[in-house]
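Work through the exercises below with the coordinates open. Each task is followed by a solution in steps.

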Amino acid sequence: MLFSPKFDRDMSLAPAQRYQINTIVPDTWPEISAQFRDLTYEQSLTYAGPAADRIGAEAEFVTLTDDAGRIMAAACLRIKRVPGLGRGIAWIASGPLVCPKDQPEPDADRLRAVFAALGQYAQKTGHILRLRFAAPSGLEAGLVNQIAESEGFGITQKAGSYRTVLIDCTPDEETLMAALHGKWRNPLRNALKAEIKLEHLPLAECTERFDRLYREVQAAKGFDPDIPPEFYYPLTGPDFTHEVLIAHKDGADIAAMTIGHTGQNAVYLFGATSEVGRRLNAGHFLMWQATLRCRELGRKCFDLGGIDPDTNPSVTRFKQRTGGADVTACGPYEFKPSGLAPALVGTAEALHSRLKGRK
């Protein structure tokens with residue numbers, strides 16, 4: 001279940017804590033990251049390496065420990081260095097992880113210690129550090145912003161924000177059905193009566209089948225995601241599983257959806273619904289079946305993959321009517337270390353953005 005941490009609003013009264021930041025070898029990361037409730041696929045070992053390679057960066061894994069040696073936070077950083085400078089930008093996507101399963105909800109003191117340790121890391125390495133917490137962490141943005149500012153972090157426009165809908169998968173099926181908006185529930189009921197068949201398979205077993213339907217819908221609608229589905233096709237590892245839900249009618253695939261699973265959280269990654277599928281409300285059918293599938297697998301939270309009311313109001317409305325919570329992840333935040341390096345890194349980043357825009 002999602003939670004809202006209780007903070008001491010007078011930050012000056014919170015007792016000081018100091019966390020030690022430690023670099024760890026990648027092989028240990030799946031076991032360490034699995035200790036956190038807010039682990040998502042972006043912080044998985046399986047995803048992090050390829051995601052870093054894709055942009056010419058390197059993945060680095062760190063833990064933050066208290067005086068007793070307990071791991072209180074952890075993060076995978078993707079570090080992209082400016083050639084010849086040795087310093088660059090360290091990006092923490094959906095992190096740091098701050099919700100250990102064996103610890104109570106993070107309070108202001110613990111979060112301040114996390115920000116302080118990461119700020120010290122940035123000062124030591126000379127990297128500009130950016131981060132955006134995981135949406136399932138349940139952190140309260142206003143108070144986290146206050147803590148971040150107290151430790152030298154500011155809100156940045158240089159990284160994307162993340163607004164999404166999160167479905168709590170722990171209630172029973174009847175409760176989940178009752179939570180649906182009436183204008184969402186009615187098409188679902190029609191779809192459930194349409195004798196649509198369902199399969200759920202590992203992505204590796206039906207890549208061509210999913211890709212065929214996805215390309216067909218992509219050609220018809222003309223969309224082009226920043227990270228295409230084929231990036232995910234070869235991803236296999238100990239802490240990320242990827243499956244496809246396929247709806248078919250009369251022997252033909254009419255809709256498909258891919259879901260990534262990491263820890264106790266799942267995320268909707270890609271979907272495609274044919275013209276026939278749209279007439280039969282196959283999108284409603286698959287989203288509902290995906291929720292039940294996540295519940296069956298013991299997932300606590302199902303992230304519907306982001307919403308943007310301005311650029312895609314219809315998809316936003318579709319996801320908001322599932323009964324989930326409309327959530328915006330805390331951040332993104334940025335910390336700039338002292339010295340000349342941040343200015344040089346910023347200049348290199350601006351030049352790279354201009355060249356990329358021209359292409």
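**Exercise 1. Aromatic pairs**

Task: How many aromatic pairs does the ring rule give, and of which kind is the pair of F133 and Y333?

Solution. Start with the rule: rings of Phe, Tyr and Trp (its six-membered ring) pair if their centres lie within 6.5 Å, and planes under 30 degrees apart count as stacked, over 60 as edge-to-face and the rest as tilted. The count comes to 16 aromatic pairs. For F133 and Y333, the ring centres are 6.4 Å apart and the planes stand at 75°, so this pair is edge-to-face. Next, locate the two residues, with helices (H or I, at least four residues) and strands (E, at least two) taken as DSSP runs numbered from the N terminus. F133 is in the loop between strand 5 and helix 4 (141–150), while Y333 belongs to strand 14 (residues 333–335), so the contact ties together parts that are 200 residues apart in sequence. F133 and Y333 are both buried, where buried means under 20% relative accessible area, exposed over 50%, and partly exposed in between (1.4 Å probe, protein chains only).

Repeat for F231 and Y232: with centres 5.4 Å apart and planes at 90°, the pair is edge-to-face. F231 counts as buried at 16% relative accessibility, and Y232 does at 4%. Both residues belong to one aromatic cluster, which also includes Y41, Y47, F210, Y214, F240 and F270.

The model is predicted: local features need pLDDT of at least 70 and side-chain atom pairs count only at pLDDT 80 or more, whereas totals for chains, interfaces and linings use all residues. Residues are numbered from 1 along each chain as its sequence is written, and side-chain values use heavy atoms, leaving out hydrogens and water.

**Exercise 2. Cysteines**

Solution. A disulfide is a pair of cysteine sulfur atoms within 2.5 Å. The closest cysteine sulfur to that of C169 is in C294, at 4.9 Å, which is too far for a bond. C206 is not in a disulfide either, its nearest cysteine sulfur, that of C294, being 16 Å away. The count is therefore 0 disulfides.

**Exercise 3. Backbone exceptions**

Solution. Most residues other than glycine have a negative phi, and most peptide bonds are trans. P96 lies in the loop between strand 4 and helix 3 (108–125), and P332 in the loop between strand 13 (325–328) and strand 14. S94 has phi near 55° and sits in the loop between strand 4 and helix 3. D250, with phi of about 55°, is in the loop between strand 9 (241–249) and strand 10 (252–262). S94 is buried at 7% relative accessibility, whereas D250 is exposed at 74%.
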